[in-house]
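Here are my notes on the helix packing and the sheet, for comparison with your own reading.

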Amino acid sequence: MRIYVCVKHVPDTAAKITIIGHNRIDEKVTFIINPYDENAIEAAAGLKKQVGDAEIIAVTLGKEAAESTLRSALAMGADRGILIHSDYSPDSMVTARALKAAIEQDGDADIIFSGMESIDSEGFQTMFRLGAALKVPVANNVVAFKLADRLVTVECKMDAGNIEVIRMPLPCIVGAGKALNQPRYPTLPDIMKARKKPIRTIALDSLDLDSPAGSMEVVELRPAVEKRRSKIIAGSAEEAVRELIRLLKEEARVI
Amino acid sequence: MQKIGIFIETRAQGLKPATYGVITAARGAAHELYGLVFDGKGAEYKEELQDYGIHKIVDVQSVEGLLGWNPDSWARAIIQVMDHFGIHILLGLTTYRSKDVFPRIAAILDAPLLLDCISVDLKTLTAGKSQFSGKTIATFKVRGNHTLFGIRPNVIEARPAPVTAEVLSLQTQIGDESLMVEAVKKDPAGTMDLSEAQIIIAGGRAMKNSENYRILYECADVLGAAVGASRVAVDAGWVPHSMQVGQTGTTVSPNLYIACGISGSVQHFAGMKTAQVVVALNTDPQAAMMQRCDYGIVGDLFEVVPLLTRQLKTTLNRE
């Protein structure tokens, strides 16, 4: 069985984001593997354990530095990696085309895992575009996964705490949610072994992609400013609460 | 005349009120607004929808009647509606459901899609959305034959602009999907949908256990609020994940967010920073949430929250 896992190299959530020019960020911050993609790799590793004869291939699109994210994936259980090298960050329409081309060039996918979203661009769509391009079904925000007789059964998180049970045949795409599993911490030997696992680099340009029918372009990036009053209400608890209610009614007018 | 489709989300109690903000955002002098309804109750929603400017209400159906929930079928049905009426722009809320349907439509149409928008301008096809855990706001410009936008609930204030709506129905042709929805398991707790709540009272580490959430529920009852939690409380098993506000939980944008004993991590702020008013209750005046709130009270939540409940009861009942 051939299991692909699409991963993304993203700035650490704790990183301070500095904007350069009008629409880029300073990339001299700590980058990590997108946290949900760790759940995707864990699910892939679990599936490999279940079926026995399987190979896990981690795929990413990014700059050279994205290799470290592939190494993280390799340390967590992927067997080899593919880096689609690009000096710019394309939108999800192009990214999905690139992932499709790279996967097809590599082999026939039985299943593709990824995180339910990326924490940097928060676009919520690349895996769906990949699914449409490969003409395979997609389930996202998956919190439980089962494979039996080439039929996948997943549970997806919906609103108000509801859970949806979805069934789809292989090949398919599964977007991992946080509650799907507990990603492992790679051991030192895992990390050492990962250094020796092969990574193949493909230039994005060499994939000869067709042009999407549209585009999404960031024309401006600015820091999110919060204009909060930070008014600390003094007095005894009783007095403070009374004043708070007055402020919420008369000043903020929200109750 | 620019035709704009709006995916109208409904639930057992009727329309999701946050939809009115989406309709408000879609209006324009030369816009004709189509509201796409899936529960067959288009005629029932006529007055509410036309009050906010919907011109055509389309009951989207299959040959057999209502379209059962399946994200792939719904996506195909919406595309057929768009084709039939010549709709090139589609708007909706950003919810679990639209996050499951809109990307499928965008993928099939090879069209740009922006979800979780906090502003949208249909004249220039630009929209603002948060990125990097809410640390930046990106303005996107989209190009394409079709464009799709999902708006974060409650960020656009709904303003009525009455017109007279016509109710239509369209039978879509939906074949078998390889993806099948076998069942929907209802949450036994029947949690109120956080993303749409106008008021949220949330508890964090200082709640100490599951039972203590009772005091938040009592306060929420008086305010008509939903109860949320920080990741710490969810990870500790005090409350279910459906109550988690933050990057790995639900993104909310209520009018009022009351954070009780929540210190305020980057990830938590990412999920609630577009709230209109933030109140922080914390014993630690240095907590990030206290520094970045509108109103803060330094104190023990087990003293302050019951007082708040009691005084709110008196104040709100008097009116």
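Axes are lines fitted to C-alpha atoms, for helices over the stretch in contact, and angles between N-to-C directions run from 0 to 180 degrees. The model is a predicted one.

1. In chain A, helix α3 (residues 92-106) and helix α4 (residues 126-134) have axes that come within 8 Å and cross at roughly 50°. Angles under 35 degrees count as roughly parallel and those from 65 to 115 as roughly perpendicular, and α3(A) and α4(A) are therefore oblique to each other. The crossing of α3(A) past α4(A) is right-handed.

2. On the α3(A) side, the contact is made by A:Ser92, A:Met93, A:Thr95, A:Ala96, A:Arg97, A:Leu99 and A:Lys100. On the α4(A) side, A:Thr126, A:Arg129, A:Leu130, A:Ala133 and A:Leu134 take part. Sorted by class, this contact of α3(A) with α4(A) has 6 nonpolar, 3 polar and 3 charged residues.

3. An open sheet of 6 strands runs in the order β15(A)-β18(B)-β17(B)-β16(B)-β14(B)-β15(B), with parallel pairing. Its edge strands are β15 (226-229) of chain B and β15 (231-232) of chain A, each of which pairs on one side only.

4. Between the chains, β15(A) pairs with strand β18 (residues 295-298) of chain B in the parallel sense, over 2 bridges. Here A:Ile232 stands opposite B:Gly296 of β18(B).

5. Helix α6 (residues 237-251) of chain A packs on the sheet and touches β16 (256-260), β17 (277-282) and β18 of chain B. The direction of α6(A) makes about 170° with that of β18(B).

6. Helix α5 (residues 213-223) of chain B also packs on the sheet, where it touches β14 (199-203), β15 and β16 of chain B. The direction of α5(B) makes about 170° with that of β14(B).

How values were computed: Residues numbered from 1 in each chain as written. Chains lettered and ligands numbered in written order. Predicted model: local features only at pLDDT ≥ 70, side-chain atom pairs only at ≥ 80, totals over all residues. Helix = DSSP H or I, 4+ residues; strand = E, 2+ residues; numbered from the N terminus. Parallel < 35°, antiparallel > 145°, perpendicular 65-115°, else oblique. Left-handed = near helix turned anticlockwise from the far one by under 90°. Contact = placed C-beta atoms within 7 Å. Nonpolar A, V, L, I, M, F, W, Y, C, P; charged D, E, K, R; others polar. Pairing = 2+ DSSP bridges.
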